[in-house]
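Try each task before reading its solution.

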Amino acid sequence: MALVPYVENPLPILSKLNNSSANFRFANHDLHLAQDWKKLGVAAVVWDAAVVMCMYLEMGILEVKGRGVIELGAGTGLVGIVAALMGAKVTITDREPAMDFLSANVKANLPPDSLGSAVVSELTWGEGLERYPAGGFDLVLGADIVYLEDTFVPLLQTLEHLCSDATVVLLACKIRYKRDTNFLSMLKQRFRVEEVYYEKQRDIHVYKSWKLPPRTDL
Ligand SMILES: C[S@@+](CC[C@H](N)C(=O)[O-])C[C@H]1O[C@@H](n2cnc3c(N)ncnc32)[C@H](O)[C@@H]1O
């Protein structure tokens with residue numbers, strides 16, 4: 001009888017999720033993000049969309065330094081950490097179960113002089129939005145946060161609450177299913193949406209969007 005060793009995740013793309021850490025160099029810093037897929041699932045691994053978002057931020061097309069930034073669905077916090085290292089004042093958010101892991105990663109990766117630029121805070125989309133200033137951010141960042149259809153309406157509500165007319169939203173998305181494009185259609189009802197970057201190797205789209213002026217013809 002052939003002996004077939006048990007391989008938990010034979011596909012490289014999946015086995016990477018089981019690594020206990022993921023290492024990057026962004027904003028002139030070596031970053032070591034702890035991962036724990038088994039314990040916390042999607043919130044405790046670095047997704048390709050986060051990596052591509054950081055690459056996009058590093059291109060310098062958008063001014064990040066000195067800006068008020070909020071990251072939604074931050075997971076391990078890579079994007080928020082990089083924004084803080086680039087000189088932004090960042091609120092890094094996710095659901096309650098992800099908080100401890102996220103806080104630990106932020107603390108471990110920001111030098112003492114940047115720690116004051118990042119706050120980790122619980123934000124479940126559509127809930128308790130009054131805790132966050134309406135239209136109070138220059139930039140809203142989200143990497144791989146468009147994937148659960150049930151969250152599309154509260155996610156859109158959250159963006160509407162956080163954005164002023166001048167706020168820019170950057171979403172880095174892996175379009176896995178047709179339903180993911182439904183969110184983009186919903187977003188287009190209230191925001192202008194432009195694809196500003198596509199990273200072919202990881203198949204990640206970066207969309208920039210901002211609030212449309214209210215319709216006056218109704
Ligand atoms: C695929 S992970 C992406 C994590 C991280 N942005 C990255 O790209 O590495 C999706 C993230 O969205 C968060 N999330 C899912 N539903 C949420 C909700 N209703 N409110 C807030 N965050 C949510 C998850 O906890 C998770 O951290």
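**Exercise 1.** In this predicted model, describe how helix α3 (residues 48–58) packs on helix α4 (residues 78–85).

*Solution.* 
Step 1. Take the geometry. The axes of α3 and α4 lie 9 Å apart, at an angle of about 15°.
Step 2. Classify the angle. Angles under 35 degrees count as roughly parallel, so α3 is roughly parallel to α4.
Step 3. Assign the hand. The crossing of α3 and α4 is right-handed.
Step 4. List the contacts. From α3 come Ala50, Val51, Met53, Cys54 and Leu57; from α4 come Leu78, Val79 and Val82.
Step 5. Sort them by class. The contact of α3 with α4 holds eight nonpolar residues, no polar and no charged.

**Exercise 2.** Which residues of α7 and α8 meet, and how do they divide by class?

*Solution.* 
Step 1. Place the helices. Helix α7 covers residues 152–162 and helix α8 covers residues 178–190.
Step 2. Take the geometry. The axes of α7 and α8 come within 10 Å and cross at roughly 35°. The crossing is right-handed.
Step 3. List the α7 side: Phe152, Val153, Leu155, Leu156, Leu159 and Glu160.
Step 4. List the α8 side: Arg179, Asp180, Asn182, Phe183, Met186, Leu187 and Arg190.
Step 5. Sort them. The contact of α7 with α8 has eight nonpolar residues, one polar and four charged.

**Exercise 3.** How many residues surround the ligand, and which are the closest? Then find polar backbone atoms paired with ligand atoms, including those of Trp47, Gly73 and Gly75.

*Solution.* 
Step 1. Count the surroundings. The ligand is surrounded by 18 residues.
Step 2. Name the closest: Trp47, Gly73, Asp94, Trp125 and Ala143.
Step 3. A polar backbone atom of Gly73 is 2.8 Å from a nitrogen atom of the ligand.
Step 4. Turn to oxygen. A ligand oxygen atom is 3.0 Å from a polar backbone atom of Trp47.

Note on methods:
Residues numbered from 1 in each chain as written. Predicted model: local features only at pLDDT ≥ 70, side-chain atom pairs only at ≥ 80, totals over all residues. Heavy atoms only, no water. Axes fitted to C-alpha atoms, helices over the stretch in contact; angles between N-to-C directions. Helix = DSSP H or I, 4+ residues; strand = E, 2+ residues; numbered from the N terminus. Parallel < 35°, antiparallel > 145°, perpendicular 65-115°, else oblique. Left-handed = near helix turned anticlockwise from the far one by under 90°. Contact = heavy atoms within 4.5 Å. Nonpolar A, V, L, I, M, F, W, Y, C, P; charged D, E, K, R; others polar. Near = heavy atom within 4 Å. Polar contact = N/O pair within 3.5 Å; in protein donor to acceptor, adjacent residues only side chain to side chain.
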